[in-house]
Amino acid sequence: MAKKKETVDKKNDKQEGNKRSFKMSKQQRFVLGCLLVLFSIALLVAFISFYVNGQWQNDQSVVSQLGDRTEVAENWLGKFGAYLADLIIYKGFGLASFIFVRLFFLTGMFLALELSTQKLKNTWFWDIFAIIIVSVLFGFFATSAPELGGTIGYELNLFLQDYIGKTGTLLTLLFGLIVYLIFKIKLSPEKIQSYFDSTKKDFKSELETLKPAVNQPESAYNLEEFAIEEPESDPELDNIHIKTVDTQFELNKEALKPTISHSSEIELNPVLKPITPKQELPLVSPDEAFVIEKAEEEDIIEENLASRLVADFGLFDPTLDLSNYKFPTIDLLKEYSTGGITINQEELEENKNRIVDTLRNYKIEIAQIKATVGPSVTLYEIVPEAGIRISKIKSLEDDIALSLSALGIRIIAPIPGKGTIGIEVPNKNPTMVSMKSVIGAAKFQEAEMELPIALGKTISNETFVVDLAKMPHLLMAGATGQGKSVGLNAVLTSLLYKKHPAEVKFVLVDPKKVELTLFNKIERHYLAKLPDTEDAIITDNAKVVNTLNSLCVEMDNRYSLLKDAMVRNIKEYNEKFKSRKLNPEAGHRFLPYIVLVVDEFADLIMTAGKEVEVPIARLAQLARAIGIHLIIATQRPSVNVITGLIKANFPARIAFRVTSKIDSRTILDTQGADQLIGRGDLLYTNGNDVIRVQCAFIDTPEVEKITDFIGAQKAYATAYLLPEFVGEETGINLDIDISERDTLFREAAEIIVNAQQGSASLLQRKLKLGYNRAGRLIDQLEAAGIVGPFEGSKARSVNILDLNALDQFFNNEQN
């Protein structure tokens with residue numbers, strides 16, 4: 001067995017030696033690169049002298065008699081240069097051979113500087129393609145000058161003409177040029193159009209300058225006279241990685257490309273902004289044990305795609321009342337950073353070495369380690385050697401934190417869905433995630449969700465978007481000052497950017513009285529409130545009880561509509577209503593989503609107690625199917641604040657930084673929230689995995705701009721009115737005087753007599769009234785003797801049998 005093992009080891013050593021033999025060392029790559037650069041210069045000298053003073057004709061005899069030392073070549077590179085020029089230009093590709101000089105020079109530079117050769121392969125393909133096309137073109141047009149197209153170009157031209165003729169050959173060459181321009185030069189119709197547009201603008205500006213200026217002061221400046229000069233750049237050298245210092249890992253990250261392709265796309269404004277420098281290019285190292293990954297920057301959409309609402313004329317459109325409503329534009333939000341993640345090479349390598357050394361001190365060897373850089377946290381994924389217990393690594397959390405001198409690290413052992421162990425280490429210089437970068441991300445703009453919410457960005461720098469309609473309720477918790485109120489603003493802003501005022505309504509409860517008051521400006525667009533109340537945003541805890549009970553009444557009414565429509569949820573109901581399968585005369589209407597937002601729920605429980613707990617529990621259990629969703633923020637969801645019944649109906653949890661592991665378990669049912677770094681750093685779970693997200697930051701001026709933009713537009717007559725909650729009725733006659741009756745008294749009486757059922761909800765559906773007015777009509781009908789007294793859960797009795805008896809009743813009253 002021992003001998004067999006030795007032979008296997010020797011075989012493996014041989015295989016590894018063979019693999020290593022094919023890999024060049026740094027010195028070999030540098031020497032080969034210098035050789036190719038010098039060879040490209042020699043080719044350039046030989047090619048230029050080939051065409052100077054017709055030397056190629058004089059050197060024909062020299063090329064044919066290379067062995068004769070008496071023959072003297074006129075080529076600047078001697079006989080060798082004459083031979084190369086004759087072989088590559090005359091017998092090869094003609095003038096197109098000069099592209100070979102560029103190819104050998106680039107190849108030498110890539111090898112000497114130890115850069116990635118992936119880009120070089122693409123360059124070789126397209127340059128060879130260009131050499132063939134240019135050579136055949138010269139062979140087609142310059143048949144009398146063989147030195148221009150070369151023998152290969154001339155013969156290929158004749159070959160094509162024999163089969164497809166001159167016209168077909170010319171069309172084939174034109175097609176080749178078009179392919180090269182589109183795929184290599186990246187020429188597009190948009191760029192051509194922008195070029196002509198800029199030329200047209202320049203021509204107009206020149207005409208305007210010819211006109212005499214009237215009363216123009218000497219200090220006036222014409223911004224159109226200023227020209228922006230774009231620096232020349234070689235597209236092949238844009239992504240060359242420059243090695244600056246030696247390191248032990250390789251960063252596989254492409255440099256950010258400029259978003260402006262032509263100077264005509266730049267709009268000149270009086271206020272000039274300084275140009276921020278680009279990020280450093282990644283470093284290269286032969287060490288493959290440590291890999292750093294950074295997700296590619298997501299596409300940013302400058303236009304709010306929600307504004308592209310296309311109405312189907314065959315369906316009912318609930319947005320017709322505000323058909324000219326414009327969604328807020330993305331430029332209302334502020335960009336706090338360049339959008340990219342700043343990578344500190346030294347910090348990453350130092351952290352990696354400390355993690356490896358700390359684990360090695362406890363005899364834990366690592367097979368591979370990989371780092372994923374995020375906005376505020378870097379995730380180090382380690383693969384331990386075989387036989388290492390995961391619990392042993394997890395127990396070293398405090399030791400690793402001590403060696404890294406970090407604010408707090410979090411160990412995920414193992415990472416769900418991967419065979420690795422994760423160590424989350426906070427960055428020394430975290431990058432702020434702006435709300436603009438999150439709202440403008442394609443993942444949010446193109447999200448096909450009922451209530452999309454963009455919370456922020458994950459560790460891999462991906463925009464994190466969730467659907468509130470599928471949560472179905474959200475519980476936010478965390479210590480004071482860790483970002484709960486900013487998170488609520490991010491949730492509301494996400495919905496404002498995606499949903500029309502006819503599609504969603506907000507019920508805002510703000511015990512602090514200062515966090516949500518800015519949304520008062522959009523009261524008649526997006527907010528819902530009780531009738532006969534002044535402020536739509538509830539700041540008085542005494543009024544919260546009536547609002548919550550009113551939502552319960554709205555919930556019951558909506559379930560009745562769903563029952564009549566024979567559907568199971570609000571989405572099916574609205575689709576059926578839009579397709580005109582439900583009769584509005586029967587009380588059916590389009591149902592918008594209602595989002596209840598409560599900031600500082602603990603303060604509400606302390607003041608209102610059980611009166612708040614019961615309606616919240618009812619809504620949490622039943623309201624998701626009819627489109628009422630709850631977002632509750634509190635500092636710590638303890639048992640006396642959020643009961644087990646309520647907490648069981650809040651599977652979606654967001655935990656900001658807390659002070660102890662017990663609080664983390666209270667919020668998430670697992671630890672980890674105590675290791676967050678604050679300032680919007682959060683953990684999100686929906687009953688499955690725990691995801692770390694850096695919450696997007698939105699400041700008060702940004703919210704003010706959005707609400708001002710929406711509030712300045714045409715709105716509904718009033719805010720969305722909720723049914724007023726009415727307690728137990730006493731049956732006392734409230735209206736005896738006939739002159740004080742409602743104007744709809746006669747119509748209400750006819751509806752009640754026809755249906756032989758006395759209820760406020762019936763009048764509410766038939767006459768499209770609020771619950772308040774319908775209740776007063778029932779009291780007036782009771783006072784007139786048309787309906788009977790209140791009988792608990794039973795419907796009121798109707799004392800008049802038909803419409804004839806009702807007409808006789810009104811005639812007797814008038815007499």
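The model is predicted, so to speak of local features a pLDDT of at least 70 is needed, side-chain atom pairs count only at pLDDT 80 or more, and totals for chains, interfaces and linings use all residues. Residues are numbered from 1 along each chain as its sequence is written, and side-chain values use heavy atoms, with hydrogens and water left out.

Let's start with confidence. The protein chain has a mean pLDDT (the predictor's confidence in each residue, from 0 to 100) of 78, with 77% of its residues at 70 or more. Over residues 212–286 pLDDT stays under 50, and the model has 96 contacts beyond four places in sequence for them. Where pLDDT is low, the predicted coordinates should not be read in detail.

Now the helices, which are DSSP runs (H or I, at least four residues) numbered from the N terminus. Axes are lines fitted to C-alpha atoms over the stretch in contact, and angles run from 0 to 180 degrees between N-to-C directions.

| Helix pair | Angle | Axis separation |
|---|---|---|
| α24 (residues 745–755) and α26 (residues 771–784) | about 80° | 10 Å |
| α17 (residues 541–565) and α19 (residues 601–608) | about 95° | 10 Å |

Helices α24 and α26 are therefore roughly perpendicular (65 to 115 degrees) to each other. In their contact (heavy atoms within 4.5 Å), Phe745, Ala748, Ala749 and Ile752 of α24 meet residues of α26 including Leu777 and Gln780.

Helices α17 and α19 are likewise roughly perpendicular to each other. Here Asn541, Val544 and Val545 from α17 meet Asp603, Leu604, Thr607 and Ala608 from α19.

Methods: Helix = DSSP H or I, 4+ residues; strand = E, 2+ residues; numbered from the N terminus. Parallel < 35°, antiparallel > 145°, perpendicular 65-115°, else oblique.
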